[in-house]
Amino acid sequence: MPVTRATHLTRARLGGTVALLAAALALSLLAAVLLGPVPVDLAVALGDPRSADHEILVYARLPRVLLAAVVGAALGAAGSVLQGLLGNPLADPNLLGVSAGAAVAGAIAIVAGADPVSLVVPWCAFAGALATVSFVYAVARTHGRTSPHAILLVGVVCNALAASIIMLVNALASYTEAQGVLFWIMGALSTQSYTLVGVAALYVAVGSLLLVRYAAALNLLATGEEGAAALGVDVDRVRRAVFVLASLLVGAAVSVSGMINFVGLIVPHLLRLVVGPDQRLLLPASVLGGAAFLVWADAAARTALAPAELPVGVVTALLGGPFFLYLLRRSLRGER
Amino acid sequence: MSARLAADAVTFAFGERTVVADVDLALAPGELVAVLGPNGSGKSTLLRLLAGLAVPRAGAVRLDGRDLRTLDRRTVARRLALVPQDPRVDYPFTALEVTLMGRAPHQRGLGLPSPRDLAIAEQALRCVDAASLAARPLDRLSGGERQRVFLARALAQQPEVLLLDEPVTHLDVRHQLDVHALLCRLCRERQLACVTVVHDLNLALSYCDRALVLSAGRVAAQGPPAVALDAACVAAVFGVQMLTVAHPQTGAPVLVAAENAADPFARPGGA
């Protein structure tokens, strides 16, 4: 598909695009807090702190919408850098099994007695994500290259393994523990405390900002490991840093919302068609775009069958599954 | 003249298989050296050793007297550029974006291009006759066009040493001659030290200052191209009968294939 875009990245284009996407995200947040089974009057909600509108807006909708934004930002950023690092437009934290690895570690922590909203779970999820991404990479890599199809196959195996480990953990756990784990993994966004949203936001902000440092190196890696090394990139260091930071983001996302599929795949891919492949722009764009995307997906999940509520993971999977198949067809035909 | 880049008895092996054995090469500023040899004779590995991308099992490669292993990659990249054999890019970066990547070792932080970076990159694209490709995504270019863009990227690095792995393989005849003329000019004008892997013996004869012929990882001959690439050496290394004739216009030596040179049954000692 022909796409017209500028020949190279300039400060003005970077700033302009980021500002535009930030504005789009702000509008999405505003629209999403007003959407829901019960209509909310913004003027009343802001004017009267004792009104029901205020109660719904500030304590029910806003933390949930913010959580959706934080999780979407994390998944968008992780997808963007993993696609860049692995040179594979089909790479995604879920397809690679990274989210599943995080979920396994988180589930074990919960069954072992950790409070699902404590800080122990995010760290376990982070460790699980890091272990899985390192494993997938080690298995799929031969002769200094990672085969795009091998990495997806290893991801499939990791996902299946993780699913059976979670079932095993659940079989060994008590009924209530198992319920908690299942609910957590299903990929649901629910109303959480501002503290939890804040902690997740902190992880995601720090992780994303640190990743921007590696954006230029990721561009060079698109020309191969040797090509990047010949331009002065310490390839091993960049790879380690990107794996650790992407795992931090995925661990944070999974620990507050379970497994939400395809966000990390769709968002960077669509944005690449618009803003180009340069990670210095694509990464911040994927952070903002991922946040906006999940905010809207969650709004759809809350309103489509209102008053019943869909898990947001259902919405993203219904959108992402067909999209992935379309991308796979393109890649099999040798297009990009 | 002292050597800018020097390989002292470098040896490299993949496991048990030795691919480069005991190669000496001293490259002076302004010198253009051709590396030749049959497929699998270790040419690309030698280039990777010279670039510091492979670490020699024995011997050392020195840049202005300093062992490459003691220099960090960025320092090396500011002074030494490599054009890979089969350049590819995973995502649709434009030719200008790829060329600007050559500025990376000179940049800090995000590495957004300064006006100077942009001027250098555009100049480099003009050098390789690719200015008109600047806005085109690389995956839409032909193999030869991609190769020229990667040469532009190496030029944008403003290196003192330029290493090229078969830079003209995918090029049409005009661009083959253009690239070699450009390399000659850069060596003369900017005192660039240049090593290029070529398959075309006559390109080496007419454009290079020196030829290094590899056979099974060892130096079979090294010296002025007309001396190193005599018919006897070509027969011994490539197993092909060739004749040295005089160029009708310049009188310079040119290699032409002998009758039946490509017939394995006609080769001396052939099957």
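In chain B, 63% of the contacts with a separation of 6 or more link residues 24 or more positions apart; two residues are in contact if their C-beta atoms, placed from the backbone, lie within 7 Å. Keep in mind that this is a predicted model, where local features need pLDDT of at least 70, side-chain atom pairs count only at pLDDT 80 or more, and totals for chains, interfaces and linings use all residues. Residues are numbered from 1 along each chain as its sequence is written, while chains are lettered from A and ligands numbered from 1 in the order in which they are written.

**Overall build of chain B**

Chain B has nine helices and twelve strands. These are DSSP runs, numbered from the N terminus: helices are H or I with at least four residues, strands are E with at least two. A compact globule of 271 residues would have a radius of gyration near 18 Å, and chain B agrees with its 19 Å. That radius is taken over C-alpha atoms, and the globule rule is 2.2 Å times the number of residues to the power 0.38. Buried residues make up 46% of the chain. Buried means 20 or more other C-beta atoms within 10 Å of a residue's own, with C-beta atoms placed from the backbone.

**Strands side by side**

Let's zoom in on β9(B), residues 210–215. Five of its six residues are buried, so this strand is largely enclosed by the rest of the structure. Here are some strand pairs; two strands pair if DSSP finds at least two bridges between them.

| Strands | Sense | Bridges |
|---|---|---|
| β3(B) and β9(B) | parallel | four bridges |
| β9(B) and β10(B) | antiparallel | five bridges |
| β1(B) and β2(B) | antiparallel | seven bridges |

β9(B) and β10(B) form a hairpin with two residues between them, and B:Ala216 in the turn has a positive phi of about 50°. The hairpin of β1(B) and β2(B) also has two residues between the strands, with B:Gly15 at a positive phi near 60°.

**Where the chains meet**

The contact takes 26 residues from chain A and 29 residues from chain B. On chain A's side, the elements giving two or more residues are α9 (215–221) and α10 (225–230).

Technical notes:
Buried ≥ 20, exposed ≤ 12 C-beta atoms within 10 Å, placed from the backbone.
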